[in-house]
Amino acid sequence: MSNRKVVVVGAGPGGLAAAMQLAHAGCDVTVLERRDRPGGRTSAIEMDGYRFDCGPTFFLYPRVLNEIFAGCGYDLMKEVPMERLDPQYRLTFGGGGQLDCTPDLAEMDRQIAELSPPDVGSLARYMDDNRIKLERFRPILESPFSSIADLMRPSMIGAAKHLHPFRSLGQELQRYFSDPRLVIAFAFQSKYLGMSPFNCPSLFSILSFLEYEHGVWHPIGGCSRVSERMAEIAEELGVKFRYDEPVRSVEMEGRHVRSLTTDQGNYAADAFVVNADFADWISRTVPNEKRKRWTDEVIATKRFSCSTFMLYLGIEGLYEDLPHHSIHISEDYENNLREIEQTHTLSQDPSFYVQNACVTDPSLAPSGHSTLYVLVPVTHQTGSIDWEAEAPAFRELTLDRMAAIGLGDLRRRIRTEHMITPQHWNEDYAIHKGATFNLAHNLGQMLHNRPRNRFEDLGSVYLVGGGTHPGSGLPVIYESSRITSGLVLKDFS
Ligand SMILES: Cc1cc2nc3c(=O)[nH]c(=O)nc-3n(C[C@H](O)[C@H](O)[C@H](O)COP(=O)(O)OP(=O)(O)OC[C@H]3O[C@@H](n4cnc5c(N)ncnc54)[C@H](O)[C@@H]3O)c2cc1C
């Protein structure tokens, strides 16, 4: 393969994993990245001696990346040491009650007994059912979907009876738990896909199963450290990185892309692997008339995930009693979800998530200080919110809400601060509508209905990352890199 040239657009987790695998297979790989560092949404934000993850903080199901590292001759856990968290996270409910979620199922049942005695024992049944479900779905998540005919594969038929296309994740969990708080405790993970559990397909009950069965991990240095190490390893494998070089346009011959242009030069290759946010990249870079399926008009009809309002706070001291991850569920959760997905308004009582990473990893802040990462799910951009005007008041509301998890004195301890709004995700991170988790994951936008790994609109172009199959979230993004690299190498041979 050494004479085969591949250009990867974007050094996000999907692009990095594809670059590693293609270089290891002998391809001549160049990565073009618009920002000054690797990692995309999984990069680091560093200021005044504090280090934050920009996006992902839950490292789940290390198995996929482990296998990719091993395939390239590296050991993931040696390259980026990780700690399995216990408790995985604390859940507090605005309506009352809390759970310190742990992989120790007996301890979970003890806590469930305090919230809802009739639900004791249901978790074991849920785990047994989802173990089988994941095994049935794994072959589907691990292979490409190139056409509707792929729905007739034996693996698909075997999984079909677990699919329940008309059942939402919330409804699926109601089959196990009678207390609405427990339904949320095992369904809120759909927020990792940027979706309400009540619109998200029931298939995704495997997400909370993955946490309990395979662990919630913290890579030392943060999830961004995984991206940085991947970029270093890719370089060791011969990959060339060109930072601060956004791809501006494509040159085509018929329906085949022959080269890409940046402000610094023109890059010809045999294959182009696009990791940039799909909807943003295609609408900026490829003329509408050159696209068959994914025209601007079609993209405008698609559903997109929610966005997030972020605060990164460097603080004096450490909240020793606050676990590594805390999730607070709004008192009227269904209304909060409606505000995010339907009315596109800002909530007065939003759910939120706080990471207090220094309880596990003091390396992230100067001595005597710590970091807090605050994420509030909000609507993606629809024109309903003017973030420049609204952000200061929403910051105040968010800081007020921190009292709900015991951080009433937070304001006076803040020493440095950074904010990202949906507008920043859109403009600074090149994410369509600021929809941080890409195209939504309803069944009409999954499998062969998602933009395909071997991209159907342009010859020699392949997609990798959260915008293609299998979807958003690090484990499946890494899986997409395996699928896509496999297709590139197959087409070369
Ligand atoms: C706030 C937040 C929290 C999240 N939390 C989790 C979590 O806890 N666990 C989890 O598993 N997942 C999480 N995710 C989801 C997901 O894992 C990450 O968003 C992940 O980084 C997406 O990876 P990707 O490969 O799709 O590409 P991205 O990270 O989006 O990277 C794409 C790269 O392409 C570059 N690019 C864009 N346009 C161009 C261009 N024209 N030319 C060159 N380069 C370009 C970008 O600069 C970027 O570096 C979270 C996401 C966000 C935003």
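**View A. Cysteine 358, a buried cysteine.** Cysteine 358 has a relative accessible area of 5% and so counts as buried (under 20% relative accessible area; exposed is over 50% and partly exposed in between, with a 1.4 Å probe and protein chains only). Welcome to a predicted model, in which local features need pLDDT of at least 70, side-chain atom pairs count only at pLDDT 80 or more, and totals for chains, interfaces and linings use all residues. Residues are numbered from 1 along each chain as its sequence is written, and side-chain values use heavy atoms, leaving out hydrogens and water.

View B. For cysteine 358, the nearest cysteine sulfur belongs to cysteine 223 and is 14 Å away. Cysteine 101 is buried too, at 0% relative accessibility. Its closest cysteine sulfur, in cysteine 200, is 18 Å away, too far for a bond.

**View C. The second largest pocket.** Here we look into a pocket with a volume of about 260 Å³. A pocket is an open set of points on a 1 Å grid over the protein atoms alone, where a 1.4 Å probe fits, with protein on both sides within 12 Å along at least five of seven lines; lining residues have an atom within 4 Å of a point. Grid points are joined across faces, edges and corners, and the volume is the space filled by probe spheres set on them. Of the 18 lining residues, Pro180, Arg181, Ile184, Glu331 and Tyr333 lie nearest the centre. Helix H8 (180-187) gives the most to the lining, with four residues. Both domain 2 (104-214) and domain 3 (306-427) give residues to the lining, so the pocket lies between them; the domain bounds come from an automatic or database domain assignment.

**View D. Two cis peptide bonds.** Most peptide bonds are trans, but aspartate 86 and proline 87 are joined by a cis one, with omega about 5°. Proline 87 sits in the loop between strand S6 (82-84) and strand S7 (89-93). Helices (H or I, at least four residues) and strands (E, at least two) are DSSP runs, numbered from the N terminus. Another cis bond links histidine 469 to proline 470, where omega is about 5°.

**View E. Histidine 344 and its positive phi.** Although not a glycine, histidine 344 has a positive phi of about 55°. This histidine is buried, with a relative accessible area of 18%.

Conventions: Disulfide = S-S within 2.5 Å.
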